Amino acid sequence: MGQTLTEKIFSRKANHPVKAGDLVIAEVDMAMGQDGTTPLALRSFQEMGTDRVLHPERIVFVIDHNAPSPLEAVSALHDVMRDFASRHGIRLFDAGCGVCHELMVGQGLVVPGDLVVGADSHTCTYGALGVFSTGVGSTELAAVMVTGKLWFKVPETVRVIMDGTLSPGVFSKDIMLHLASRKGADWATYQVLEFSGPVVDKLGVEERLTITNMVVEMGAKAGLIAPDEKTLKWLEGRAKRQYESLQPDPDATYAETVEVDCSSLAPQVALPHRVDTVTSIEDLPTVPIQQAFLGTCTNGRAQDIEIAAKILKGHTVHPQVRFIVAPASQDIMVQALRKGWIETLVRANAIVVPPGCGPCVGTHQGIPGDGWNVISTANRNFKGRMGNSKAFIYLASPATVAASAVAGEISDPREYFQ
Amino acid sequence: MELKGKAHVFGDDINTDYIISGKYKFKTLDMDELGKHVMEDLDPDFSSKVEPGDFLVAGMNFGCGSSREQAPRALLASGIQIVLARSFARIFFRNAINCGLVVMECDTEGIETGDEMTADLTTGEIKNLTHAFTRQAQPLPDVMIRILQEGGLVEYIKKYGTFQEI
């Protein structure tokens, strides 16, 4: 019987054929921790009574959530990570390098067919490259550091076919907000979402990463896109290891097949405080905004910054709005500088902050005031998410966020794409 | 093993930011400190209402959102010993077991704040003593029961050195 891509990856990592529902102990190819989760992992590691990291070359630490440090206490936690990494020969990306997920894919640290875990829920992002990647907790990261392995229940797969053609001004972010709205925030709990269809084929790797980044907002354990020519080309000169480009079998068993017609889709906006309460932009009443944010592991990549720069060109940010831009990595920042996008944005009064998570997690670099409406390219708009439970967070594509920053209210970006 | 305590009831989709806000979790590893701020965006007085051993009861998708293990650990530190929900987000579910916080999936309809509850981990039987009804929880996979029996994943790895075949 045919296997899904997930079953193929787990069969290789568990060294025997597996099917959905099986419990397995599997070898982990890479494990990642960021500064919000690694200090606790290191404490658990110590409590496990060993000082040996089995495969230090398979571990990556990233300081991105609170970077550079805004507080003494945080600086001390960062030092704990640095000391441990240097003692054990673990690769650490320090403050300013970028968002952990962008670094894992952008630096070629994960390759198709890998099984990857990360102590961050958006570890699912790497699925756009055909990697089975999923979020774990701090103690599980510590267990992987000690044993090189972890236990998993092989999840069943839901196939999502994206049909039609996206209209100008509509992006992969809009499809995922629409899907969240249609299916709900707990739709795919314990399952994998595997994306295919003409729209996925046409999207570049950057926009595909936005798709797999968002699957955890629907409860999914992972999101997968089978590698194609574009994936392989993107990995050229980037991939740090050899890999095998696995594909699902044509007769694989799926739990469900969902079709999404993307042709009729308008820009989508998630309303406070839920990612699955979504409306088409035409149906949204006037919403004045006080802050706009472009960045994060969802939408802080070069293409996203380019779109914002194109929209801001010849305009300025509305005087009532703080428009914060956080490129997702140094490479993206440098590309945006060379192309002149950063200059356009800064001249238009945008605030460019260092590569990293920026204000997404609510610790620094743009905590909204009471009653503020914020439009953000992030993946979460929970109450209090950006550090103030009295603020209201709307989620949208980079184009919608940039158009809104200019207008001072949530605005349809399609006028910029005619 | 039977747990007994008073219920504190919340709704669907209680995310990890509500359980413990990101603004606290980055600052400290002191779980007793984090325990004081558990659920405060939904109920500012929550931590002062909890007595050691109490039950947190919720609807669908409890613990959705981030992978922060501070969420189950801070709940434990606040005095909560078990979470009953109709469904859980998977990372939270694993994290809870790994930290020794009991989580059980069952129909939670009809349970009210203040109800006296019991839960039997072996049989999965949940009783509401105040309103006199019984519910059956989903059994946990063996690997999770073993981790819970050892008192969490740290103790499990300390004892066995690696994962035992399943």
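## Getting to know a predicted model

Student: Which residues does G219(A) touch, not counting residues up to four places away in sequence?
Tutor: Keep in mind that this is a predicted model. To find your way, G219(A) lies in the loop between α8 and β10 of chain A. Leave out residues up to four places away in sequence, and G219(A) touches A185(A), A188(A), T189(A) and Y190(A).

Student: Does G219(A) count as buried or exposed?
Tutor: The relative accessibility of G219(A) is 10%. Buried means under 20% relative accessible area, so G219(A) counts as buried.

Student: Y190(A) came up there, so what is its phi?
Tutor: Start with the place: Y190(A) is in the loop between α6 and β9 of chain A. Most residues other than glycine have a negative phi. Y190(A) is not a glycine, yet its phi is positive, at about 70 degrees.

Student: And is Y190(A) buried, exposed or partly exposed?
Tutor: Its relative accessible area is 35%. Partly exposed is what falls between under 20% (buried) and over 50% (exposed), so Y190(A) is partly exposed.

Student: What about Q191(A): which residues is it in contact with, leaving aside neighbours within four places in sequence?
Tutor: Q191(A) is found in the loop between α6 and β9 of chain A. With 12% relative accessibility, Q191(A) counts as buried. Leaving aside neighbours within four places in sequence, the contacts of Q191(A) are P155(A), E156(A), V158(A), A220(A), K221(A), A222(A) and A255(A).

Student: How do α6(A) and α8(A) pack, at what angle and with axes how many Å apart?
Tutor: Two packed helices are described by the angle between their axes and the distance between the axes. Here the helices cover residues 172-183 and 205-213 of chain A, and they pack at about 20 degrees with axes 9 Å apart.

Student: Why is α6(A) called roughly parallel to α8(A)?
Tutor: The angle between them is about 20 degrees. Angles under 35 degrees count as roughly parallel, so α6(A) and α8(A) are roughly parallel.

Student: Which residues meet there?
Tutor: The contact residues divide into two nonpolar, two polar and two charged. On the α6(A) side they are S172(A), K173(A) and M176(A), and on the α8(A) side E207(A), T210(A) and I211(A).

Student: How many residues of α8(A) are buried?
Tutor: α8(A) is mostly covered. Among its buried residues are V205(A), L209(A) and N213(A).

Student: Which residues have the most contacts inside the largest nonpolar core?
Tutor: That core has 83 residues. Helix α5 of chain A gives the most to it, with six residues. Those with the most contacts inside the core are L56(B), F62(B), L75(B) and F92(B).

Student: In chain B, which residues of α6(B) and α7(B) make the contact?
Tutor: The axes of these helices come within 7 Å and cross at roughly 35 degrees. Five nonpolar, one polar and one charged residues make up the contact. From α6(B) come F93(B), R94(B), I97(B) and N98(B), and from α7(B) come M144(B), I147(B) and L148(B).

Student: Back in chain A, what is omega for the bond that joins A67(A) and P68(A)?
Tutor: P68(A) is found in the loop between β3 and α3 of chain A. Most peptide bonds are trans. The bond joining A67(A) and P68(A) is cis, with an omega of about -10 degrees.

How values were computed:
Residues numbered from 1 in each chain as written. Chains lettered and ligands numbered in written order. Predicted model: local features only at pLDDT ≥ 70, side-chain atom pairs only at ≥ 80, totals over all residues. Heavy atoms only, no water. Axes fitted to C-alpha atoms, helices over the stretch in contact; angles between N-to-C directions. Helix = DSSP H or I, 4+ residues; strand = E, 2+ residues; numbered from the N terminus. Contact = heavy atoms within 4.5 Å. Nonpolar A, V, L, I, M, F, W, Y, C, P; charged D, E, K, R; others polar. Core = buried A, V, L, I, M, F, W, Y, C linked by side-chain atoms within 4.5 Å. Buried < 20%, exposed > 50% of the residue type's maximum accessible area, 1.4 Å probe, protein only. Parallel < 35°, antiparallel > 145°, perpendicular 65-115°, else oblique.
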